[in-house]
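Student: I've got a structure open and would like to learn how to read it. Could you walk me through a few features?

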Amino acid sequence: MATKKQIILPIIVLAAGIGGFLAISSMKKPPEEKAIVDNTPVVSVDIIKMDPMVFSVNSYGIVNAKYETELVSQVNGEIVYLSEAFVRGGFIKKGEVLAKIDPSDYEAALTDAEASLASARATLVQEKAYGKVAEEEWKRIKDGVPTELSLRKPQLAQELAKLNSSEAGLKRAKRNLERTIIKAPYDALIENRTIGLGSYVSMGTPLGKLLSTAQAEIRLPLADKDIRYLDNKGLGASVTIQGQFAGLQQQWQGKIVRSEGVIDNRSRMTYLVAQIDDPYGLHDNKNQLRFGSYVTAHINGTRAENVTTLARHLIVADKVAILDDEKKLKYQTVNVVRQQGALAVISDGLEDGMQVITSALDYPIEGMQLALPGDKKAIDDPSAEPTQLAMEEKE
């Protein structure tokens, strides 16, 4: 039979153990509650603004003179005079004398022609007198019928023909004498000169080449798809020409004056021709647009009333990711009217104030909840001032 001591001792030990466990348990800190992690994807957005836009078409080309003239000799002879301005790069005015050919032979020919004309006139006057005498004599003969020969009409016609020939010879002699003086047909730049003082030239000998300084022309190649962005297929459109002058970027204004009307066989391009007045600034002291310069051109085109531009990579299968009013992902179908480099011009599908998502999403699903960087900051920083939306929810 167990003694009283044997019964009480285990109870004491058990009570002591329970008391020690409770004491140790009371010394432990309660486990901290873990903060709720917000895994909502954060995105960046651009606010859409629809505005009018004037389309432009870009091109390039080489500056050329509108008129180029190869001077050639129309008579034979020795060059006896050269103008100081008749040098490569010289500027000349319309009517300015550039060179002279020895006129001696042509002055003598003119004198001969004048003498021949005077002789023909005198002979014609004499022949007319002979005709009148013959006519008076036949009037006295009552029974005879005069013939044209007896009235000297063939002789008169012959003298008239000689007079006409002499007049033509005089005109030819004057013209040949005038051709001994080489004049500029228009205001021009001398591209080259191929003769020297004392050179002998014959009919058809090249003398030099002139470039008109009144207007410059630039052939601008355009792809067929770009022509639809130009009013009236570009005819009459204003053009801004850009190029280098004296090491600085300069620009000039011109307009499209014509289309060449054909597609180039090799490049498959259509060519428009731009014209710039007074390219060398001889009349208004503007910057020189030198012939032979390589330039770029911006042609003003049609006007769109309500469009916006987006980066092309944001458009996939004609759809754009937007953040709707509930801050959820939504795909909006858009109409791209033109692509300009890295940008796309959109006419339909977007409205003012829409938020287009510009950052990448790892696993985009339409309708998924998204957040803006400002929303995340408000959640992560409890000390931040409550937003207007949070204050309204609290109320």
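Tutor: Helices (H or I, at least four residues) and strands (E, at least two) are DSSP runs, numbered from the N terminus. Here the buried residues of H3 pack against helix H2 (104-140). This is a predicted model, where local features need pLDDT of at least 70, side-chain atom pairs count only at pLDDT 80 or more, and totals for chains, interfaces and linings use all residues. Residues are numbered from 1 along each chain as its sequence is written, and side-chain values use heavy atoms, with hydrogens and water left out.

Student: Which residues of H3 are buried?

Tutor: Buried means under 20% relative accessible area, exposed over 50%, and partly exposed in between (1.4 Å probe, protein chains only). In H3, the buried residues include Glu-159, Leu-163 and Leu-170.

Student: What is Glu-159 paired with in a salt bridge?

Tutor: A salt bridge is a side-chain nitrogen of Lys or Arg within 4 Å of a carboxyl oxygen of Asp or Glu. Glu-159 pairs with Lys-162, their closest N and O atoms being 3.9 Å apart. The two are separated by about one helical turn because they sit three residues apart in helix H3. Glu-159 is buried at 9% relative accessible area, while Lys-162 is partly exposed at 41%.

Student: Which strands hold Glu-191 and Lys-209?

Tutor: Glu-191 lies in strand E8 (residues 188-193) and Lys-209 in strand E10 (residues 206-212), so the pair ties together parts that are 18 residues apart in sequence. Their closest N and O atoms are 3.4 Å apart in a salt bridge. Glu-68 joins Glu-191 and Lys-209 in a network of salt bridges.

Note on methods. Contact = heavy atoms within 4.5 Å.
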